[in-house]
Amino acid sequence: MTRPQPVSEQTVRREEPPEDYQLLVPRDWFRIDLTLDRWRSQLKKFADQQAARRHMSEEARQSLWAALRNTAESGAAQGSLELFLRAESTSDVATPATLLVSLLPMSGALYATPPELARSLAARRGPEAEVTVVDLPAGRTVRVGTTTTLDLYVQMPGEAGYLLLAYSVPLSGIESAMGELCEAIAHSLRWVHRPGPEIRSHIQ
């Protein structure tokens, strides 16, 4: 009779839903916490900084502010947690690259495996999007790429759902140095399993 092998604590913790996540984003990306009420003032600060650096007209500044506000409001309404912005220094245009981090909880009958989610997204997005299932250090991931956008649906431990990293690179596109940086940020994602009040949990 074969004796059952002990299951390590690390293995058990990986199978449990995480308390939080860690994502390494370069310092020159402007971070906005969409879970806090002051996100509008943070976003306006970024828009004003870009307008001043690029000597934008008032009309252009208002246009940039409106576009960024719409992105943030839409994300916050759909449960997004963080918005990161980075102006591409090689361009005179103020339109930034963006990263929107969102929690997509799924459980029970509503849970979709990565292949199932990939098929659903492929049908929804159409032929203009390339949909594949890849492995990131944080887990199985559904990758949805277009010319200027990259959506990465990272499977959470414990079949709790997905963490969506939604990138938009409107100027240089995904096939660029900026696109490579987006991929590197995604590869830095790690799950936090330590319980305790000292950690502010994004995932609840």
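Author: Setting aside neighbours within four places in sequence, Gln50 is in contact with Met56, Leu64 and Ala87. Gln50 sits in helix α2. Is Gln50 buried or exposed? Its relative accessibility is 2%, so Gln50 counts as buried, the cut-off being under 20%. Keep in mind that this is a predicted model.

Helix α2 is the part to follow. It spans residues 39-53. Another of its residues is Gln42. Gln42 has a relative accessible area of 18%, so it too falls under the 20% cut-off and is buried. What does Gln42 touch? Leaving out neighbours within four places in sequence, Gln42 is in contact with Phe30, Ile32 and Asp33. Take Phe30 from that list. Gln42 and Phe30 are twelve residues apart along the chain. Their C-alpha atoms are separated by 9.1 Å.

Now turn to the helix that α2 meets. This is α3, residues 58-77. The axes of α2 and α3 come within 10 Å. They cross at roughly 145°. The crossing of α2 past α3 is right-handed. Two packed helices are described by just such a pair of values, the angle between their axes and the distance between the axes.

Which residues make the contact? From α2 come Trp39, Arg40, Leu43, Lys44, Phe46, Ala47, Asp48, Gln50 and Ala51. From α3 come Arg61, Leu64, Trp65, Leu68, Arg69, Ala72 and Glu73. Sort the residues of this contact by kind, and there are nine nonpolar, one polar and six charged. Gln50 is on the α2 list, and Leu64 is on the α3 list.

Look at its ring. The structure holds two aromatic pairs. One of them joins Phe30 and Phe46: the ring centres are 5.4 Å apart and the planes stand at 50°, so this pair is tilted. Phe30 lies in strand β2, residues 30-33, while Phe46 lies in α2, so the pair ties together parts that are 16 residues apart in sequence. Both Phe30 and Phe46 are buried.

What about the other pair? Tyr111 and Tyr162 have ring centres 6.2 Å apart and planes at 10°, so they are stacked. Tyr111 is in the loop between β4 (97-105) and α4 (114-125), and Tyr162 is in strand β8 (residues 161-168), so this pair ties together parts 51 residues apart in sequence. Tyr111 is buried, with a relative accessible area of 12%. Tyr162 is at 0% relative accessibility and counts as buried.

Strands β2 and β8 belong to a sheet, so let us go there. How many strands form this open sheet, and in what order? There are seven, in the order β2-β3-β4-β8-β7-β6-β5, and the pairing is antiparallel. The edge strands are β2 and β5, each of which pairs on one side only. From one strand to the next, the twist averages 20°.

Pick a pairing inside that order. β4 and β8 pair in the antiparallel sense over eight bridges. Leu99 has Tyr167 of β8 as its bridge partner. Now bring the helix back. α2 packs on the sheet. It touches β2 and β3, the latter being residues 80-86. The direction of α2 makes about 160° with that of β2.

Residues 130-136 make up β5, and residues 139-145 make up β6. These two strands run antiparallel, joined by seven bridges. They form a hairpin, with two residues between them.

Last, step back to the chain. It has five helices and nine strands. Along the sequence, they follow the pattern α-β-β-α-α-β-β-α-β-β-β-β-α-β. The chain has 204 residues, and 45% of them count as buried. Which share of the contacts with a separation of 6 or more comes from residues 24 or more positions apart? That share is 61%.

On the helix side, α2 crosses α3. On the sheet side, α2 touches β2 and β3.

How values were computed
Residues numbered from 1 in each chain as written. Predicted model: local features only at pLDDT ≥ 70, side-chain atom pairs only at ≥ 80, totals over all residues. Heavy atoms only, no water. Pairing = 2+ DSSP bridges. Helix = DSSP H or I, 4+ residues; strand = E, 2+ residues; numbered from the N terminus. Axes fitted to C-alpha atoms, helices over the stretch in contact; angles between N-to-C directions. Left-handed = near helix turned anticlockwise from the far one by under 90°. Contact = heavy atoms within 4.5 Å. Nonpolar A, V, L, I, M, F, W, Y, C, P; charged D, E, K, R; others polar. Phe/Tyr/Trp six-rings, centres within 6.5 Å; stacked < 30°, edge-to-face > 60°. Buried < 20%, exposed > 50% of the residue type's maximum accessible area, 1.4 Å probe, protein only.
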